[in-house]
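User: I am new to this structure. Please take a close look at its aromatic rings.

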Amino acid sequence: MTTQPSGGPLAGLRVLDLTTFLSGPYCTLILGDLGADVIKVESPSGDATRRLPPHFVAEDSAYFLSVNRNKRSVVLDLKSEAGRSALLRMVEGCDAVVENFRAGVLDRLGLGYETLRAANPRIVLCSISGYGQQGPRRDAPAYDAIIQALSGGMSITGEEGGPPVRAGIPVGDLAAGMFATTGLLAGLYRRQQTGEGSRFDVSMLDAQVSMLTYQAAYYLLSGQVPGPQGRGHLSIPTYRSFTCGDDRDVIVTANTEAMWRGLCGVLGHDELTADPRFVDNGSRLTHRAELDALLEAAFAARDSAELLAELSAAGVPCAPVNSVADALADPQVRHRDMVIELADEAAGRRIELAGNPVKLADRTDEQPPRYPPRLGEHTEEVLREFKVPDELIASVLAPATAPGGRS
């Protein structure tokens with residue numbers, strides 16, 4: 001019996017997932033959450049993140065489980081003739097391929113775009129790499145921290161006057177995965193119009209640089225190099241976090257004059273609204289250091305919960321600076337099903353993971369998310385779906401059943 005998903009806006013779409021670690025699996029996670037049949041092709045040793053410490057459920061790591069639900073696992077040795085032949089048979093019946101090898105590796109395996117297109121002229125290939133398929137860094141290794149450093153993003157993160165700090169969320173990997181999803185869907189739309197496949201080249205570095213947005217524009221227009229942003233915003237001095245008297249950090253985003261007046265009223269400093277130094281946002285920006293000192297003292301004199309309630313009532317956007325535990329327990333997060341439970345009934349396992357942020361509001365027929373696959377769990381099932389000859393299936397399965405292979 002097939003275990004491919006049904007329901008969802010991408011139901012009927014078949015995607016070959018040749019990815020590992022985070023950028024590629026995050027792309028295919030999005031596609032799988034939206035109903036695509038994602039077939040994760042793994043080497044006999046499996047995706048390296050299956051063994052990434054420190055947390056595990058049975059033999060699989062929490063890292064692997066976090067980005068590999070709604071997928072089927074097929075073990076193929078792409079360095080073998082049998083593995084490549086089986087993959088090309090699968091390409092014939094798929095809509096898209098996603099890979100995140102280093103640039104050039106797919107070609108060296110004999111599975112470059114021209115080979116895939118010969119097997120299926122309508123195939124859409126999305127290649128994710130650190131630096132793209134061309135350029136002077138093309139062959140260099142890339143990891144999220146490297147990309148954050150090179151992109152300039154790390155240089156504007158951290159306390160003002162302090163050293164650069166890596167963002168806690170791996171934005172280099174995740175941004176590349178999201179842009180890859182966009183590219184792949186654009187390729188599928190183009191194919192619908194022209195009947196032709198295409199290849200998309202997504203670079204982690206390109207993705208991060210694009211996310212500099214107004215920071216890049218500020219530098220390109222002014223020549224002024226921004227430094228670490230600390231708690232605040234480069235343009236709006238009342239868009240920042242503060243520490244309250246109970247040592248709880250809160251953030252306010254008083255972007256408008258009405259919000260500024262509301263903030264001053266709640267803090268008991270209405271006189272600041274008439275102070276020439278703070279009469280408008282431009283003035284407040286010029287006298288930012290003086291304003292910071294006044295606001296920091298006012299926040300330090302208040303309890304966070306009481307202050308947040310008063311700010312909200314006054315129409316000033318605000319929030320506590322949540323820990324991960326606080327965020328995952330937040331009523332809004334829970335209401336939106338952003339913490340989901342997955343069950344592996346056969347193994348008697350249940351886990352909770354971060355959910356799918358893309359909600360299809362007018363549909364209720366999506367199937368519940370499926371537990372991430374065990375290594376090679378669907379190899380024979382999938383190969384038979386693609387009508388791979390019995391002798392080739394036997395060749396593919398032979399190494400997996402040898403000592404040290406898939407049990």
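User: Is F21 buried, partly exposed or exposed?

Analyst: This is a predicted model. F21 is partly exposed, because its relative accessible area is 32%, while buried means under 20% and exposed over 50%.

F21 also has a ring partner. The structure holds 3 aromatic pairs. The angle counts as edge-to-face because it is over 60 degrees. This pair links distant parts of the chain. F21 lies in the loop between strand 1 (14-18) and helix 1 (23-33). Y63 belongs to helix 2 (residues 62-66), and 42 residues separate the two. Y63 is partly exposed too, with 28% relative accessibility.

Now take another pair. F242 and F299 are stacked, with 4.1 Å from centre to centre and 5° between the planes. This pair, too, joins distant parts of the chain. F242 sits in strand 9 (residues 239-243). F299 sits in helix 12 (residues 288-300), 57 residues apart from F242. F242 is buried, at 0% relative accessible area. F299 is buried as well, at 0% relative accessibility.

F242 has a charged neighbour besides. The charged end of R240 sits over the F242 ring, 4.0 Å from the ring centre. So F242 is stacked with F299 and also lies under the charged end of R240.

Notes: Residues are numbered from 1 along each chain as its sequence is written. This is a predicted model: local features need pLDDT of at least 70, side-chain atom pairs count only at pLDDT 80 or more; totals for chains, interfaces and linings use all residues. Side-chain values use heavy atoms; hydrogens and water are left out. Rings of Phe, Tyr and Trp (its six-membered ring) pair if their centres lie within 6.5 Å; planes under 30 degrees apart count as stacked, over 60 as edge-to-face and the rest as tilted. Helices (H or I, at least four residues) and strands (E, at least two) are DSSP runs, numbered from the N terminus. Buried means under 20% relative accessible area, exposed over 50%, partly exposed in between (1.4 Å probe, protein chains only). A charge sits over a ring if NZ of Lys or CZ of Arg is within 6 Å of the ring centre and within 35 degrees of the ring normal.
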